Amino acid sequence: MPQLPAPAYPAEVRTRLEADAKEVIARYPGSRSALLPLLHLVQSEEGYVSRTGMAFCAELLGLTTAEVTAVATFYTMYRRRPSGDYQVGVCTNTLCAVMGGDAIFDRLKAHLGVGDDGSDMTTEDGKVTLEHIECNAACDFAPVVMVNWEFFDNQTPESATQLVDDLIAGRTVEPTRGAPLCTYKETARILAGFPDTRPGAVEASGGAGAASLAGLRLAKGEAGSQARVVGQRGEAPRDTPPHDPSPSEHLSSHDAPQQTSASDPENPAGPVAEEGE
């Protein structure tokens with residue numbers, strides 16, 4: 001059945017959101033470019049992107065609700081239903097899964113009593129929403145859990161269980177690195193482009209892990225005698241100083257053009273003999 005038109009925001013909410021939205025739109029040469037931050041803005045109001053929020057964005061940007069809906073349903077950072085104050089995401093991509101991400105997700109799902117038979121993954125008190133997340137480029141610290149997009153590294157089923165218990169109980173929780181934790185609505189407002197005024201939040205940061213830094217040094221040729229080359233399975237790593245590749249040696253297929261029929265006419269890619277020969 002067709003849905004009724006989305007209800008409007010209360011007058012005082014609309015007035016406040018319009019003022020914020022105009023500030024966001026003014027940052028862009030074309031108003032429709034402001035759609036992504038405006039979706040974060042309406043998400044900061046209700047905790048998800050509602051039909052009311054999408055209608056609001058469409059009206060201010062001169063778009064159709066279908067165009068706004070297409071964007072809101074494409075990006076996973078926009079919620080389409082009410083969710084918890086804390087989005088607890090467990091990375092279950094390959095490396096994190098192998099290191100324990102799957103076990104962490106299963107433990108939290110059972111511990112929180114959510115997600116049975118594909119139902120909503122939010123606890124009854126509205127505190128925590130559990131979800132799978134894709135790779136967040138933190139493989140050095142696998143398995144990784146994120147809460148409202150802040151990192152909690154090197155987790156175990158036990159530490160992750162304690163984490164969600166602390167969130168539900170309202171105890172202070174500190175991310176492994178990055179800014180202090182805030183609620184999902186507060187995070188959405190920051191993502192909309194408004195300043196984070198919490199003391200020390202902007203200055204907080206975190207660096208790459210040891211494995212990434214070692215790889216960076218190798219790539220720059222700075223590792224010296226500490227470079228380690230992985231041998232065949234079962235063979236111990238061996239210390240090998242970095243070296244310049246010979247003309248016939250390439251460290252990867254991207255290091256130099258490969259000989260193809262276009263660059264090497266004497267060795268074309270296809271057959272050279274006439275049919276039947």
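Trainee: Arg177 first. Buried or exposed?
Mentor: Buried, at 15% relative accessibility. Buried means under 20% relative accessible area, exposed over 50%, and partly exposed in between (1.4 Å probe, protein chains only). Keep in mind that this is a predicted model: local features need pLDDT of at least 70, side-chain atom pairs count only at pLDDT 80 or more, and totals for chains, interfaces and linings use all residues. Residues are numbered from 1 along each chain as its sequence is written, and side-chain values use heavy atoms, without hydrogens or water.

Trainee: What does Arg177 meet in a salt bridge?
Mentor: Asp153, at 2.7 Å from N to O. A salt bridge here is a side-chain nitrogen of Lys or Arg within 4 Å of a carboxyl oxygen of Asp or Glu.

Trainee: How many salt bridges in the whole structure?
Mentor: Eleven. One of them joins Arg79 and Glu131, with the closest N and O atoms 2.9 Å apart. Arg79 is in the loop between α4 (65–72) and β1 (86–91), while Glu131 is in strand β2 (residues 128–133). That links distant parts of the chain, 52 residues apart.

Trainee: Is that pair buried or exposed?
Mentor: Arg79 is buried at 10%. Glu131 is buried too, at 16%.

Trainee: What about Arg107, which partner does it have?
Mentor: Glu158, at 3.3 Å from N to O. Glu158 lies in helix α6 (residues 157–169) and Arg107 in helix α5 (residues 94–112), so the bridge ties together parts 51 residues apart in sequence. Arg107 is partly exposed, at 35%.

Trainee: Switching topic. Which residues form the nonpolar surface patch?
Mentor: Leu36, Phe74 and Tyr75, with about 320 Å² of accessible area together. Patch residues have over 30% relative accessible area and no salt bridge; like charges are joined within 9 Å, nonpolar side chains (Val, Leu, Ile, Met, Phe, Trp, Tyr) within 5 Å. Areas come from the Shrake-Rupley method with a 1.4 Å probe, and for residues only the protein chains shown count as cover.

Trainee: Where is Leu36?
Mentor: In helix α2 (residues 35–46). Leu36 is partly exposed, at 35% relative accessibility.

Definitions and conventions:
Helices (H or I, at least four residues) and strands (E, at least two) are DSSP runs, numbered from the N terminus.
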